[in-house]
Amino acid sequence: MNEQREITVQVRHSHGKGESRKLRAKGLIPAVVYGAGGEHRSVSVDPRILRKTMDPARKLNTWYKVTLEEDGKAVGTESCIVIDHQVHKVKDAILHVDFLRVDPAKELTVRIPVEVTGRAAGVVAGGTLKTFLRYVHVAVKPGDIPASLLVDITALQAGETLRIRDLSVPGGRILENGNQSLAHIEPAKIKKEEDSEGDKKKKAPAKA
């Protein structure tokens, strides 16, 4: 379950690079709230609070209850996730975020990391594990966004391949091609044959 977290942002009416510099000088960053047919709202947010309120596992896939304040008064709340952000190339500081309105009852598309767990039987037998995807896109309701796609490879034998169609996301749907490979165990004998061929080439006498 993806627990909704709360954050407060300040409504702003000024825009441009000059305004962004002023905000950052105050320890704030520019942000926007948009989507779902609602009004496009320019806001500012404290990046330290943004990081603090992020779900440590889901990070940018955190589901937020965003309270909008103006002149010290709450003027509305929005159900959002961070759909985009900009980060300083050197300092790793967040420079800007886009909050996308989401409907708790409707699916949205998010990108989640792939996490491989277990030690494959084929690896125990001397094979080599190969993985192919670091992230996958899933369609899921905000409250069901998983921290990652867990891929248990324990039962995977030498020569076998685990594909997208072999897995599922509780409460959601994986949007990648079902034939896409996630993990494959290269048998030990293939490695030995390749090594043997390489040795033969090295030992072969040079032609006169």
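In strand S13 (residues 181-186), Ala-183 is the bridge partner of Leu-162, and the two strands concerned, S11 and S13, pair in the antiparallel sense over three bridges. Here strands (E, at least two residues) and helices (H or I, at least four residues) are DSSP runs numbered from the N terminus, and two strands are taken to pair if DSSP finds at least two bridges between them. The model is a predicted one, in which local features need pLDDT of at least 70 and side-chain atom pairs count only at pLDDT 80 or more, whereas totals for chains, interfaces and linings use all residues. Residues are numbered from 1 along each chain as its sequence is written, and side-chain values use heavy atoms, with hydrogens and water left out.

The pairing of S11 with S13 belongs to an open sheet of three strands, ordered S8-S13-S11 and antiparallel in its pairing. Strand S8 (128-131) and strand S11 (161-163) stand at the edges with a single partner strand each, so one side of each is left without a neighbour in the sheet. Direction ignored, neighbouring strands of this sheet are turned by 10° against each other on average, where axes are lines fitted to C-alpha atoms, for helices over the stretch in contact, and angles run from 0 to 180 degrees between N-to-C directions.

The hairpin formed by S5 and S6 has six residues between the strands, and Asp-92 in its turn has a positive phi of about 60°.

The structure holds one aromatic pair, formed by Tyr-64 and Phe-99 in an edge-to-face arrangement, 5.9 Å centre to centre and with 85° between the planes. Rings of Phe, Tyr and Trp (its six-membered ring) pair if their centres lie within 6.5 Å, planes under 30 degrees apart counting as stacked, over 60 as edge-to-face and the rest as tilted. The pair links distant parts of the chain, with Tyr-64 in strand S4 (residues 63-70) and Phe-99 in strand S6 (residues 94-101), 35 residues apart. Both Tyr-64 and Phe-99 are buried, that is, under 20% relative accessible area, with exposed meaning over 50% and partly exposed in between (1.4 Å probe, protein chains only).

Elsewhere, four bridges join strand S7 (residues 108-117) to S10, and these strands run parallel; Val-114 has Leu-149 in S10 as its bridge partner.
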